[in-house]
Amino acid sequence: TSHHLAYVIYTSGSTGTPKGVMVEHGSIVNLAHTQPKLFAMTAQSHVMQLAPPLFDAGIWELVMVLSVGAALHLPFDTQWQGDQLATYLVHNGITHVTLPSALVSRLSNPETLSVVKALILVGEMPDAVLVGKLQASGVTLFNAYGSMETTVFAATDENAAVAERRDILIGRPIANTRIYILDDQCQLVPSGVVGEIYIGGAGVARGYLNQPRLTAERFLTDPYAQEHGARMYRTGDLGRWGPGGLLEYVGSFEARTKRGRFGEKLKELEELLKAYEGIKDAAVVAWEKEKDRKELIAYVVSKQRGQDESAQEKLEKELRGHIRAQTVMQLMPTEIVQLDALPLMSNGKIDRSALLTLETSAHAGVVFEEPEGEIEQALAGIWEELLGVQRVGRHDNFFELGGHSLMAVRLLGRLPHALGVYLPLGTLFAHPTLDALARTISETVDHLGVLTPHTIVPIAPGRVLPLSFAQQRLWFLVELEASISVTYNIPLILKLQGALDVSALRRSLDALWARHEALRTIFVSTGGEPHVELLSLETCLPLRELDLRDTSDLKTQLQKLCEEEAFSPFDLAHGPLIRACLIRIAKQEYVFVLTQHHIVSDGWSMGVLTRELNALYAAFSQECPNPLPPLAIQYPDYAAWQRQWLTGKRLRAQVDYWRQALAGIPALLNLPTDYPRP
């Protein structure tokens, strides 16, 4: 029946011990019925699965696809750096994507996400600046609010806006869901008054596996529901009903009380330390190092008094291993300070204020070794800036200094520029100390050659222009099978409203054409070897103008034209490899289609072109000169640099790695298919 258990999924444990949430079949069915209607999904939709199935977001993405028979894309690598994510979305024609707000905020150009039909933000509430950027780019934005305890999500709204108070609008409850704003007496509060958010309805989970006390605390009888036995979930979040009946997220109730989530972390860590065999007593305090930045300091009393320094170091190492085995890195204290006894107040309770005064002296006894060598010193400088510490020793641990997974991504993003190396995220977790990470970088450098690549410089006039490796790969695929060329078309479709200066738009497109050699690139083969040639500056970027105002079947004709523009093949040898189409559908309403071939563009490039097109149009429509400064280098310059730098030992290392990684793989995957294999 609908009340049978569908699955048990565990919370991350970031606020304490992971809890098994029991979700019933009826809740999943409600989710499956809700998603297609909310996000306009069809069997032709393409969804990227970013989260693994052991997270509720992974189940969300899977149910989203299965409910309509859409396509599910499983990326090989989800440790996105730079704008690799936007490139993946464009390349695979993703229409619907669910992303954590924290990940989107790290993108250097989040506007590139406008290529998808629906962007669904989850996780932490997005800030107002990020929401504003996304809305300005024209992306259809959903801010999904919910939790594992309410079967992933309970409320959302298309293009959720930012209120004047800069609170985030969650939106409205989804189908068969009730949301209440209640005071501390579980009474409804008036519209506009802040209270705690409670969620009732079909999505409420059964409770926590084998935790009846905690289930009773969080899953309460719903006094406002008509059906017998209905329950509601206490979220611990604060909200209020805003204008138009939209729910506004104000903050976390528990973060504002002594029973807050950070308080739960302290209590959880204390219990973990006390449970260790050699510990008599323990206390954990939060030290606010900077505004809105707290670190955990653990104070422990060993059962064995008068230990020497080596025994104390051994105990600290054992305690950290104990913590690491039981919970997540977010609960790892920055410092573990060993005391003979914990300071007490007159009533016998631990004097936590006194513990904080011990923090400075606790650091005084820590053995510190200066970073050695160029790599360690460069790394130490990056750590100090990212972690906000005054100094970093060569044996310091990144995570024990307050680092976490998001900070680790930022660190690795700095390494290519600072040290000329790219490292996967797992490297930092495997080698978290400064000296160990520096040693890994040094070994990578020794294996691949020089520490940093030489500077990119413009190619001398008259030289043959080479293809980059990425361009050569695409050129080869198209030469091998010409019919797949349209697979690599990158369309950008924008809806324009208001008075449009078509002449200024045309001038802006031509300015982009002249500015970027990549857009004027064609690929000519001589004796089977390709090289790059540039179309003349005197030519223009093709712009087709169409008027559908008098068309009887506007929607059908518009869709047909957009598909024609998006999927018409390009001729790589003759070009151009970019084209534009402006379709007028009303007096002051247009659809603008800009299509490029992936061999001259990617997700990052789309963002650059969008920004520059906006700047040029704003200037030309006001009869102002071109506001963009000249480019120091062009893409062919980069291609020549890449060909020169990735040679010898570096190239052999790359080739050897992939030969080893792909050795023994089957020629064909033995998977059942709906149609005969070509």
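Student: Where is the place of threonine 98?
Tutor: Threonine 98 sits in strand 5, residues 96–100. Helices (H or I, at least four residues) and strands (E, at least two) are DSSP runs, numbered from the N terminus.

Student: What am I looking at, and what are the ground rules?
Tutor: This is a predicted model, in which local features need pLDDT of at least 70 and side-chain atom pairs count only at pLDDT 80 or more, while totals for chains, interfaces and linings use all residues. Residues are numbered from 1 along each chain as its sequence is written, and side-chain values use heavy atoms, with hydrogens and water left out.

Student: Back to threonine 98: what is its relative accessible area?
Tutor: The value is 4%, so threonine 98 is buried. Buried means under 20% relative accessible area, exposed means over 50%, and partly exposed is in between, with a 1.4 Å probe and protein chains only.

Student: And which residues does threonine 98 touch?
Tutor: Leaving out residues up to four places away in sequence, threonine 98 touches Leu50, Trp60, Glu61, Met64, Ile120 and Val122. Contact means heavy atoms within 4.5 Å. Glutamine 49 is 49 residues from threonine 98 in sequence, and their C-alpha atoms are 7.9 Å apart in space.

Student: Next, helix 1 and helix 2. At what angle do they pack?
Tutor: About 70°, with the axes 9 Å apart; helix 1 covers residues 25–39 and helix 2 covers residues 56–66. Axes are lines fitted to C-alpha atoms, for helices over the stretch in contact, and angles run from 0 to 180 degrees between N-to-C directions. Helix 1 and helix 2 are therefore roughly perpendicular to each other. Angles under 35 degrees count as roughly parallel, over 145 as roughly antiparallel, 65 to 115 as roughly perpendicular and the rest as oblique.

Student: Is the crossing of helix 1 and helix 2 left-handed or right-handed?
Tutor: Right-handed. A crossing is left-handed if the near helix is turned anticlockwise from the far one by less than a right angle, and right-handed if clockwise.

Student: Which residues make the contact?
Tutor: Helix 1 supplies Ile28, Leu31, Ala32, Gln35 and Phe39, and helix 2 supplies Ile59, Trp60, Val63 and Met64. By class, the residues of this contact between helix 1 and helix 2 are 8 nonpolar, 1 polar and no charged. Ala, Val, Leu, Ile, Met, Phe, Trp, Tyr, Cys and Pro count as nonpolar, Asp, Glu, Lys and Arg as charged, and the others, Gly among them, as polar. Trp60 and Met64 also touch threonine 98.

Student: Now the other pair, helix 15 and helix 17. What is the angle there?
Tutor: Helix 15 (residues 502–515) and helix 17 (residues 603–620) pack at about 130°, with their axes 9 Å apart. The two are therefore oblique to each other, and the crossing is right-handed. Residues in the contact include Ala504, Arg507 and Arg515 of helix 15 and Glu612 and Phe620 of helix 17. The contact of helix 15 with helix 17 divides into 10 nonpolar, 1 polar and 3 charged residues.

Student: Why is helix 3 largely enclosed by the rest of the structure?
Tutor: Because 6 of the 8 residues of helix 3 (residues 84–91) are buried. Those are Leu85, Ala86, Thr87, Tyr88, Leu89 and Val90. Just after helix 3, glycine 93 has a positive phi of about 60°.

Student: Which residues other than glycine have a positive phi?
Tutor: Among them are cysteine 186, with phi near 60°, and asparagine 210, with phi of about 60°. Cysteine 186 is in the loop between strand 10 (177–182) and strand 11 (195–201) and is partly exposed at 24% relative accessibility. Asparagine 210 is in the loop between strand 12 (207–208) and helix 6 (212–218) and is exposed at 69%.

Student: How many disulfides does a search of the whole structure find?
Tutor: It finds 0. A disulfide is a pair of cysteine sulfur atoms within 2.5 Å.

Student: Last one: is the peptide bond from glycine 575 to proline 576 cis or trans?
Tutor: Cis, with omega near -10°. Proline 576 is in the loop between helix 16 (554–567) and strand 23 (578–586).
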